[in-house]
Amino acid sequence: MQTHAQVVVIGGGVVGCSILYHLAKMGWSDVVLLERTELTSGSSWHAAGVIHTINADPNIARLQGYTIKLYEEIEELGEQSCGIHRPGGIYLASTPERLDYLKQERAKARYMGLDTDFISLQHARELNPLIDPSQYLGALFEPVDGHVDPSGVTHAYAKSARKLGASVHRNMPVLETRARPDGGWDVVTPGGTIHAEIVVNAGGLWAREVGHLAGIDLPVQPMEHHYLITEAIPEIRDHGREVAVTVDYEGNAYTRQEHDGLLLGTYEPNCVPWAVDGTPQDFGHELLPDDLDRVTDRLEIAFERMPALGRAGVKNVINGPFTFGPDGNPLIGPVPGLRNYWVAVGVMAGFCQGGGVGLCMAEWMIEGEPSIDVWGMDVARFGEFATRDYGRVKSAENYSRRFILTYPNEELPAARRQKTTALHDCLLAKGAVMGVSFGLEHALWFAPSQAEAREEPTFRRSNAFAHVAEECRTVREDVGVIEIANFAKHEVSGPGAADFLDRMVANTLPKVGRLKLTPMMTPKGRLYGDLTVGRLAEDRFIIFGSGAAQEMHRRWFERHLPESGVTYRNASDAWHGLSIAGPKSRELLSRLTREDVSAAAFRFLDLRRMTVGSVPCLVGRISFTGELGYEIYCAPPYQVALFEAIEREGSDLGLRPFGARALMSLRLEKNWGVWTLDYRPDFTPAQSGLDIFVAANKPADFLGKAAAAAQRAAGPDIRLVTLVVEADGVDVNRDEPIFHNGECVGYVTSGGYAHYTQASVALGYVPAELAHDGAAFEIEILGDFRPSRVQAQPLHDPDGQRMRT
């Protein structure tokens, strides 16, 4: 066995073999896969092998489409059958709410170029003769869905990788992974030690144990999962063609044909996490004892909806474990805080997603960034809050809700209060309805009383609508206060701090005591951050950004740190605070401090230390509301004192708390996008409009400088626009298709209702030649095509004088 490799992949399931294949395909042949026993051991060998493209995240759906198309390629190269069956897939709705969900999925498919569309229930029965059409309201059909042979696919990846120069070692367990001073890893096995430049944990059921070898806890959890295979069913035997793969959401079941019978799987609510304390090392090609009592109620529903199942005998019962992540999506990419240690774990839908995961991992390693935004799978979307116990609880919740509808305004209950601020209970007492972001509880909106502090899940406007409107009115006419602990804060200091940041961000750096808005870019010119840089001293900076992306940005900063002269830390938990905003916010601040906060003395984008209500604070004159406002940061122990002082001094100014829903409504009236939605690595500064913050001529050779210059010279092909929508009680959420003259030309990235200006608003990307004021479009919302027009100027305070004066 070799003693050196560019990459060592640990784990010989479908995901590990896909990564190996894609690395070799892209030109890295000095790559090795180590499998503890035989390929497919663990979960891959007993998977149902169903393949489909539908996913709530369009980019993951694209990768699933890529995976499905890849199978012919690896069949040919590896000379190994993948057992591909493509009878198509039917998705059945039996409630109006689920039908709305399917309308959303059909709408997304339009701009993704998929042929997904509704079919009649009679047509659905022709594709699957077992279903009772009277049980359903609608059926969505995806022609490329089907199933594959799990063992064949895994071996096809491995054989194809070997043909391209990669190595596969079976019966070679990894005993240790030791970090080296040069940034590489010593991977210790019974056959010797390999010096790996990069290690990839694709351990599947053993991902946690492999992680422990590197000193990390991964928040993934194996779950028991049942499916059964029936004896021959006459309706299937006599059908004349293969029965379509079928998902019955309210029936909580998926099916596919297996010979002349049916494979039926379910995700039961009373699910069972498996091997909570660790996956046994001697587990491999075994199954778990079946427990049909646990899924009996699910089976009874399936028999009612597919009567022939109730007459069929059961041939086999499969109960095998497979690994879930906290939100059901994979965890992939370089692990923040560890050099050259990557993961691809929690890929529960490996035969749908494995090819796409392998592609993204290989692109990321070899080219420095994946070709599309993979935030929905990035391991950095979880931080220290995502402990093993957190992963167990959230993974079980996700498993049990696999076929349960989750609404865009719904907050799930498991593992809540994992992180709270000192104000948590105080805000609850004021009627706060809480959400969670990066593990931290934060107020979404405020009900008149605790008894009313509950939001009804819906695709339409909820019971929060009127209350959020009142919060918006307060900010626009008086003064509101919102907690901002969930903003990210990064600290950079040292003699080389200024030079380092000048290379990291696209705008020039602010002077001491000032703030400056700036994008951060990848070398290819894609967006990698939407930040506000504050300068505390010549050699000390604080950077504000997306709280959800704080570990992603930490990883980026640490990746580019010089060997000396610069100190970086993610200080998000060290700075909590409150923001006050509205035309009376200056008066309120003046009552709280002895500092001169007049317009001339404390200018827009100023940053200074001051005592506010007896609390030592860092105050920036900036607000995401578009109003005069101030962000007031303090250490967490001072948060209560600061809030009480603000409440006390603002009592006669109409002060009231507001939450994230109001903040997101207010920003729509300013045409402002947000990170992870409107601004993300799928787009460039020129496309998003953030190029106004790119200092193309500054001396520093910042990341993406050459690419941004080329993009500016060529002009963007698409642009982010704000659209006012003629909505009828239903606003956009995200991912709705945008049409022009009957053709799908773009899609929505975010939106909602702009309460103060009383307009339904969408932000989205459309062709640049159509992105002009007043241009007419249609947006498909829950199956209806709603007229919309481009609103080039902000609906509120278009010249920005209210926040600058």
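Colleague: How many strands form the open sheet, and in what order?

Modeller: It has 8 strands, in the order β5-β6-β4-β13-β14-β15-β12-β16, with mixed pairing. Before going on, a word on the basis: this is a predicted model, where local features need pLDDT of at least 70, side-chain atom pairs count only at pLDDT 80 or more, and totals for chains, interfaces and linings use all residues. Residues are numbered from 1 along each chain as its sequence is written, and side-chain values use heavy atoms, with hydrogens and water left out.

Colleague: What counts as a strand, and what as a pair?

Modeller: Strands are DSSP runs of E with at least two residues; helices are runs of H or I with at least four, and both are numbered from the N terminus. Two strands pair if DSSP finds at least two bridges between them.

Colleague: Which strands stand at the edges?

Modeller: β5 (117-119) and β16 (314-324). Each has a single partner strand, so one side of each is left without a neighbour in the sheet. The twist averages 25° from one strand to the next.

Colleague: How do β4 and β6 run, parallel or antiparallel?

Modeller: Antiparallel, with 5 bridges joining β4 (residues 89-93) to β6 (residues 138-142). I90 has F141 in β6 as its bridge partner.

Colleague: Which helix lies across β12, β15 and β16?

Modeller: That is α11 (residues 388-400). Its direction is at about 25° to β12 (221-230). Axes here are lines fitted to C-alpha atoms, for helices over the stretch in contact, and angles run from 0 to 180 degrees between N-to-C directions.

Colleague: Switching to β11. Is it largely enclosed or open, and why?

Modeller: Largely enclosed by the rest of the structure, because 7 of the 10 residues of β11 (residues 192-201) are buried. Buried means under 20% relative accessible area, exposed over 50%, partly exposed in between, with a 1.4 Å probe and protein chains only.

Colleague: Which strands does β11 pair with?

Modeller: β10 (residues 185-189) runs antiparallel to β11, with 5 bridges. Those two form a hairpin with 2 residues between them, and D186 stands opposite H195. β18 (residues 341-345) runs parallel to β11 over 3 bridges, with V200 opposite W342.

Colleague: Now helices. At what angle do α16 and α17 cross?

Modeller: Roughly 115°, with the axes of α16 (residues 585-592) and α17 (residues 639-650) coming within 9 Å.

Colleague: Which residues meet there?

Modeller: L588, R591 and L592 in α16 meet A645, I646, E649 and G650 in α17. Contact means heavy atoms within 4.5 Å. By class, that contact has 4 nonpolar, 1 polar and 2 charged residues.

Colleague: On to charges. How many salt bridges are there in the whole structure?

Modeller: A search finds 58. A salt bridge is a side-chain nitrogen of Lys or Arg within 4 Å of a carboxyl oxygen of Asp or Glu.

Colleague: Which residue forms a salt bridge with E669?

Modeller: R476, with the closest N and O atoms 2.7 Å apart. The pair links distant parts of the chain: E669 is in the loop between α18 and α19, R476 is in α13 (residues 465-477), and they are 193 residues apart. Both are buried.

Colleague: And R298, what does it meet?

Modeller: D297, in a salt bridge at 3.3 Å, N to O. R298 is buried at 15% relative accessibility, while D297 is partly exposed at 34%. There is also a network of salt bridges linking E470, R473, E477, D478, K584 and R656.

Colleague: Last topic, backbone. What is phi at S614 and at N671?

Modeller: S614 is near 80°, a positive value in a residue other than glycine. N671 is at about 65°, also positive and not a glycine.

Colleague: Are they buried or exposed?

Modeller: S614 is exposed at 63% relative accessibility, in the loop between β28 (607-612) and β29 (615-620). N671 is buried at 18%, in the loop between α18 (660-668) and α19 (685-688).

Methods:
Ala, Val, Leu, Ile, Met, Phe, Trp, Tyr, Cys and Pro count as nonpolar, Asp, Glu, Lys and Arg as charged, and the others, Gly among them, as polar.
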